[in-house]
Amino acid sequence: MSALTIAYALLFYAATAMLVIGVALKIRSYLRTPAPLKIPTTPAPTTQGGVALRLAREVVLFESLFKSSKWTWIFGWMFHAALLLVLLRHLRYFQEPVWTPVLWVQFFGTYAGFAMVAGLAGLWARRFLVDRVRYISTPSDHLHLALLLAIGLSGLTMRFVAHTDIVALKAFMLGLMRFDWQPLPGDPLLLLHLTLVALLMFVFPISKLLHAPGLFFSPSRNQVDNPREVRHVAAWAAALDK
Amino acid sequence: MATAAFETPKLKPYPVIPLIAEGSMAHSKPYVASSAIQQNIGFPGELAEGWEQRAIAKMGELLGKYRSLRVYMDACVHCGACSDKCHYFLGTGDPKNMPVARQDLMRAVYRRYFTFAGKHFPKLVGAVDMTKDVLDDWYAYYHQCSECRRCSVFCPYGIDTAEITMAAREIMDAVGLGQKYSNEIIGKVHRIGNNLGLPGPALEDTLLGLEEDVKEDTGVDVRYPLDVQGAEVLLVTPSADFFAEPHVESLIGYGKVFHAAGISWTLSSKASEAGNFGMFIGNYEQLRKIALRIREAALELGVKRIVVGECGHAWRVAYSFWNTLVGIGAGGTDPFAIQLQSQLDGRYKQPMHICELTYDLIQRGALKFDKEKNDDRIITFHDSCNVARASRMGDMPGGQFVIPREIIKAVANRFHDMAPETIHESTFCCGGGGGLLTDDLIELRVKGALPRMEALKNVVDQHGVNFMATICAICKAQFSKVLPYYGFDMGMVGGVHQLVSKSIRLGEPH
């Protein structure tokens, strides 16, 4: 067992733990924090089903972003949709046998890599070209984009320019999941790609990437507009009635 | 702190997003509340040793009490979707008036004290210590937000700057840095029963005067009753309705509607005010305490229905929060709520907006109008922010857009909406909401009105509009003051029930 294999195996266990536990803790804190007042942004649905539909439109279509900024929507939606396809395509490195839908998605996932990079480039360009967006951009905003872009570019390079030993990589990944470690190929591009992915997993629960779970807990989006019909009182607020 | 001379922005034929002008509104700050004003409503008198720790502790407390604040502090990705949505940014170009930047004033402190990244890599994520300079920035810019929520419509995560502004103001109050205008008014409402400090006898006198005026005008005995035990309806309306123009015209209108429909009603000297400035300062206890007056008045007078007059934020508080705060509404199973539910008539929505009441009567054919009496007016409608984006009317989503317009169309012949991107949930705030309707902020108010003024100018030029109807006391007061800066007549603004009042057929009293 090489030191490289051991190092990357431990890295991915740590990154996975950070991602899963970190996000779970955040979600727990959101769940435990009461929403004492009804504050849905109107026109808001008057039923729970309507709320589910509203959230689905936000998640799938980025409805509010579409209303606010067409350029940001185009680049943002393109990036996220492409990322989804790319992630689905990558499932084949974690499965044996591979699910049929994952086989179907290979073609789309491969070329979605370009759309993902283009979307990220567009989003990044706004941070330089639009004076308002330049003003609000922090170093971490740029670093997030740089990180994602580097992941996309290193992945595309391995797919189209300098192939890596994909069979050995898959053995390594399956080994990780089965706690039966297999050697990791020492291809520098692959190591870079994997390191950046692990880094992304590490920063997820301590960064703005929390917008993903955050949307589901946003009271202005997830509340039903029915304050006259249903009394809505948080525990700490109910104590005032005593 | 006298307001320096400033230039009124030029009206352009189409909206232009300004280039950022850093610090251009840094000088805009409202008067600070005196120690007496602060202590009167239970806040510390002034900043004292150790306020920084107390501010952080208060922030921690609020993060534990409000899910909105906790999620909104984490979820922003700085995408910039909100950056051109705030009327104060559009009117001033000050980048700290972009909702994201306004939120970041608090987010920077949140990160420093409550997040891993901010504790260990402050520079990287823009985290800062709580210092006097930061507090001064908060005081300036959290008083350049009217809590109108336009940004929350356009944010992909629904991040609502109003929630953050309220939290910031609550933290500032908790360490002794309050705003004079709002906190003085809250003191008045507790002491006297309304925001303007009108005592019972003055109200009575005003209402008698109105009865005489209406009699003279129409020959009909329309009553404007106060403290009538056993009336069907308790009307709660902004106190501006009692004496200021054009507000009082709407109050006259409500009385005529009740008269024509034969509904007995009353005002209450104890709870004559619908406005609830507890919301503006984000303080739940104050919100609740102010709302409790209404509940007490309703129980004492034994009314069956509670109706709210033309006031934007008051309608938000009534519609969205009264049930939560004091049990005015349905569905409560605690003794607190059951008491009210047993008294109030469950066949009606509780509380009800005066526009809902009038609209229902029109639908049922209970009111008749001579529409041509409003023919001298070519009318447009300004959706008030708190009604449009934070409350509802009727039974369907968006009823708050439909109902006031349907009333206008039922009582007048000539109506034109302003541009679609400036109405309904995309409406622009008048520029004076959220506790900013004070002369020390006049520059901000004038500049913040720009987007609305541009939209108004377009319908004035294209359709000859000469009247902007609205259902908010703050909108009416703000526009009366600001319209002349843009070359419009201050009399162009008025209430929906002002139009109702003019064309309603009174006939014989019931």
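**Entry 1: the contact.** I counted who touches whom in this predicted model. I found 59 residues of chain A in contact with 84 residues of chain B. Next I looked up the area buried between chain A and chain B, which is about 5800 Å², with 57% of it from carbon and sulfur atoms.

**Entry 2: polar links.** I then searched across the interface of chain A and chain B and got six salt bridges. I looked up the one between Arg288(B) and Asp241(A), whose side chains meet at 3.0 Å, N to O. Polar contacts across the interface of chain A and chain B came to 46 residue pairs.

**Entry 3: the side of chain A.** Several helices of chain A each supply at least two residues of the side that touches chain B, among them α1 (3-32), α5 (100-129) and α7 (139-160). I noted that α6(A) gives the most, with five residues. Sorted by class, this side of chain A has 27 nonpolar, 16 polar and 16 charged residues.

**Entry 4: helix α7(A).** How far apart are the end C-alpha atoms of α7(A)? They are 31 Å apart, which agrees with the 32 Å that its 22 residues should span at 1.5 Å a residue. I found buried residues in α7(A), including His144(A), Leu148(A), Ile151(A) and Met158(A). Their cover includes α4 (70-90), α5, α6 and α9 (188-203) of chain A, together with α7 (122-125) of chain B.

Key: Residues numbered from 1 in each chain as written. Chains lettered and ligands numbered in written order. Predicted model: local features only at pLDDT ≥ 70, side-chain atom pairs only at ≥ 80, totals over all residues. Heavy atoms only, no water. Contact = heavy atoms within 4.5 Å. Buried area = accessible area lost by both parts, 1.4 Å probe. Salt bridge = Lys/Arg side-chain N within 4 Å of Asp/Glu carboxyl O. Polar contact = N/O pair within 3.5 Å; in protein donor to acceptor, adjacent residues only side chain to side chain. Helix = DSSP H or I, 4+ residues; strand = E, 2+ residues; numbered from the N terminus. Nonpolar A, V, L, I, M, F, W, Y, C, P; charged D, E, K, R; others polar. Expected span 1.5 Å × (residues − 1). Buried < 20%, exposed > 50% of the residue type's maximum accessible area, 1.4 Å probe, protein only.
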